[in-house]
Amino acid sequence: MIVILKPGAPEQDVRALCGQFQAQGLSIHESTGEHTRLLGLIGDTSRVDVDSVLASPIVEAVRRVSEPYKKANRKFHPADTVVEVAGRKIGGGHFAVMAGPCSVESEAQIVEVARGVQAAGAAFLRGGAFKPRTSPYSFQGMRAEGLALLRRARAATGLPIVTEIMNTEHIPLFSDVDMIQVGARNMQNFELLKELGRLKTPILLKRGLSSTIEEFLMSAEYIMSEGNENVILCERGIRTFEPSTRNTLDISAVPMLKSKTHLPVIVDPSHAAGIAWMVEPLALAAVAAGADGLMIEVHNDPAHAKSDGAQSLTPAQFAGVMDKVRKSVEFFRGL
Ligand code: PEP
Ligand code: MN
């Protein structure tokens, strides 16, 4: 981190500021040019609060030269992290697909979809029990009952389950969930992230609707800094000025994230596009960009789905996408 001092900063104030940094375990490399005086802070600056340094009257500007995240940083952990859930691996060359309905709606629905996605090669069953809806008048999910139905679908198929949590108070209800999803709207619910960091359950962290890559990685850092290093990142589209798709899939986030972090990165083309026919091309683009997996919404009757029907594939359509995904994974591995 580089601290640029204001011209004419009184020496005793500079010494006091240096003392504060040294007390934080940092060493200081000073350099004085014709017009500027700089302090180069050497050591772990992840705990230095840039805003409070800027609050000093002798500081002109502060520049970070290293990333503020450590545990998620590939620099300190060059090898890919492989997350293993119920014998299924994601990351480090292991590609996995999570599929299922946006919302769990009934036992018959979730079991039928689970069987369909399993037959097509999905490794995990996804399904929302607690749903973060834009309108309080929309279907809010079956909540605890939905979790019970997911357990039944797991028992019927053996597929591990991934489902979204919205509230720290619900953590006990999720004790036997195989992978806990943090949705886009909660990516910066820091209290929730910290609590989930104290569990061992792998966490699927979705990118916030308007979050930068650095903010996304800092949210992963919140979970990891509490001890849970089993985090999978999910790019699910971001808000842009373009209204023809629900979001804009930030495909460049995939290679960018993979260069910055060792954590597995998956893509959700369903929420990115909001349109069923676009799921296939975006899924294939994700594979080409180096994603470690996909999350895809599948419903047995999309026209009557209680949420996100327009972006949901039928099990038959999903099977067609999976065929192409498998071939693409093989093709890009061979390059
Ligand atoms: C979901 O996966 O069902 C969901 C609500 O996604 P997101 O948080 O990405 O909007
Ligand atoms: Mn959905």
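Reader: In which sense does α3 pass α4, left-handed or right-handed?
Author: The model described here is predicted. In it, the crossing in which α3 passes α4 is right-handed.

Reader: How are helix α3 and helix α4 oriented to each other, roughly parallel or oblique?
Author: Helix α3 covers residues 107-120 and helix α4 covers residues 144-157, and their axes lie 9 Å apart. The packing angle is about 40°. Angles under 35 degrees would count as roughly parallel. The angle therefore makes the relation of α3 to α4 oblique.

Reader: How many residues of the contact of α3 with α4 are charged?
Author: On the α3 side the contact involves Glu107, Ile110, Val111, Ala114, Arg115 and Gln118, which meet Leu149, Leu150, Arg152, Ala153, Ala156 and Thr157 in α4. Of these residues, seven are nonpolar and two polar, while the charged ones number three.

Reader: At what angle does α3 pack against α10?
Author: The axes of α3 and α10 are 9 Å apart. The two helices are roughly parallel to each other, because their angle falls under 35 degrees. Their crossing is right-handed. The angle itself is about 25°.

Reader: Which residues in α10 are met by α3?
Author: From α3, the residues in this contact are Gly116, Val117 and Ala120. Their partners in α10 are Pro315, Phe318, Ala319, Met322 and Arg326.

Reader: How many residues of the contact of α9 with α10 are nonpolar?
Author: In α9 the contact is formed by Glu280, Ala283, Leu284, Val287 and Ala288, which meet Gly320, Val321, Lys324, Val325, Ser328, Val329 and Phe332 in α10. Two of the residues are polar and two are charged, and the nonpolar ones number eight.

Reader: Is α9 roughly parallel or roughly perpendicular to α10?
Author: Helix α9 (residues 279-289) and helix α10 (residues 315-334) have axes that come within 9 Å and cross at roughly 20°. Such an angle means that α9 and α10 are roughly parallel.

Reader: How many residues apart are Cys102 and Asp308?
Author: Cys102 sits in the loop between β7 (96-100) and α3, whereas Asp308 sits in the loop between β14 (293-297) and α10. The pair thus links distant parts of the chain, and the separation in residues is 206.

Reader: What distance separates the centres of domain 1 and domain 2?
Author: The protein is divided into domain 1, residues 2-63, and domain 2, residues 83-334. Taken over C-alpha atoms, the separation of the two centres is 43 Å.

Technical notes. Residues numbered from 1 in each chain as written. Chains lettered and ligands numbered in written order. Predicted model: local features only at pLDDT ≥ 70, side-chain atom pairs only at ≥ 80, totals over all residues. Heavy atoms only, no water. Axes fitted to C-alpha atoms, helices over the stretch in contact; angles between N-to-C directions. Helix = DSSP H or I, 4+ residues; strand = E, 2+ residues; numbered from the N terminus. Parallel < 35°, antiparallel > 145°, perpendicular 65-115°, else oblique. Contact = heavy atoms within 4.5 Å. Nonpolar A, V, L, I, M, F, W, Y, C, P; charged D, E, K, R; others polar. Domains from an automatic or database assignment. Left-handed = near helix turned anticlockwise from the far one by under 90°.
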